[in-house]
Amino acid sequence: MNTAYIARKVTLSDSFKERAEMKLRKLDKFFDDVKTQITVSAQKDVATVELTVWANGMIFRAEAQNADKLDALDEAIENLIRRIRKNKTRLQKKVKASGFEIPGEAPVEEEVDYDVIRTKEVSLRPMTLEEAILQMNMLGHTFFVFLNGETGAVNVVYRRNNGGCGVIVPVKE
């Protein structure tokens, strides 16, 4: 397991790193090769732990906040494992089908009146709508940009307020 730590406005002790690696061993029962990134930040009396895991071409992300960074770490790992278990059968099908590349979020386009805070590049590989919805759920995002394997067009799948999902399909005029 390859684990990277990022500390923002906080110092990470060796005991924190040891505990994190011990807790992350729970992921070994789901995946063989796992790359993780743990970002710990502190603002006032609240510690935030962001956990990102890359495994078998999938990205999993969880975040937790607590007064104690160890408790926030425990919550983030439990949230991640709960999300994996919830989608276990669909996930197993995708992992066995060799998965897909690690995409990021959609890039943010610059507009005149707005400041661009962050830009991400997206690696697009053809996938089905079901795979895109699964990836969106695994990331915990409300939308996901993907290359539709059937049409070859870039589509966006998004979570609707009523709980369902929608798909944005571009149409040339």
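Let me start at one pair of residues: R159 stands opposite C165 in strand β8. Strands here, like helices, are DSSP runs numbered from the N terminus, with at least two residues of E for a strand and at least four of H or I for a helix.

Before going on, this is a predicted model, in which local features need pLDDT of at least 70 and side-chain atom pairs count only at pLDDT 80 or more, while totals for chains, interfaces and linings use all residues. Residues are numbered from 1 along each chain as its sequence is written, and side-chain values use heavy atoms, leaving out hydrogens and water.

Back to the hairpin. β7, residues 154-159, runs antiparallel to β8, residues 165-168, and four bridges join them. Two strands count as paired if DSSP finds at least two bridges between them. Five residues lie between β7 and β8, and in this hairpin G163 has a positive phi near 105°.

Next, the sheet. It is open, with four strands in the order β1-β2-β3-β4 and mixed pairing. β1 (2-8) and β4 are the edge strands, each pairing on one side only. From one strand to the next the twist averages 15°. β2 and β3 run antiparallel and are joined by ten bridges. Within that pair, Q37 has T52 in β3 as its bridge partner.

Across β2, β3 and β4 lies helix α2, residues 69-86, running at about 145° to β4. Angles are taken between N-to-C directions, from 0 to 180 degrees, with axes fitted to C-alpha atoms, for helices over the stretch in contact; contact means heavy atoms within 4.5 Å.

Now the largest pocket, with a volume of about 250 Å³. Twelve residues line this pocket, and the closest to its centre are Q37, E50, T52, R61 and R118. A pocket is an open set of points on a 1 Å grid where a 1.4 Å probe fits, with protein on both sides within 12 Å along at least five of seven lines, and lining residues have an atom within 4 Å of a point. The volume is the space filled by probe spheres set on the points. β3 gives the largest share of the lining, three residues. By class, the lining has seven charged residues (Asp, Glu, Lys or Arg), four polar and one nonpolar.

Last, helix α4, residues 129-139. Is it mostly covered or uncovered? Covered: nine of the eleven residues of α4 are buried, meaning under 20% relative accessible area with a 1.4 Å probe, protein chains only. Among them are I133, L134 and M136. G140 follows α4, with a positive phi near 75°.

Methods: Buried means under 20% relative accessible area, exposed over 50%, partly exposed in between (1.4 Å probe, protein chains only).
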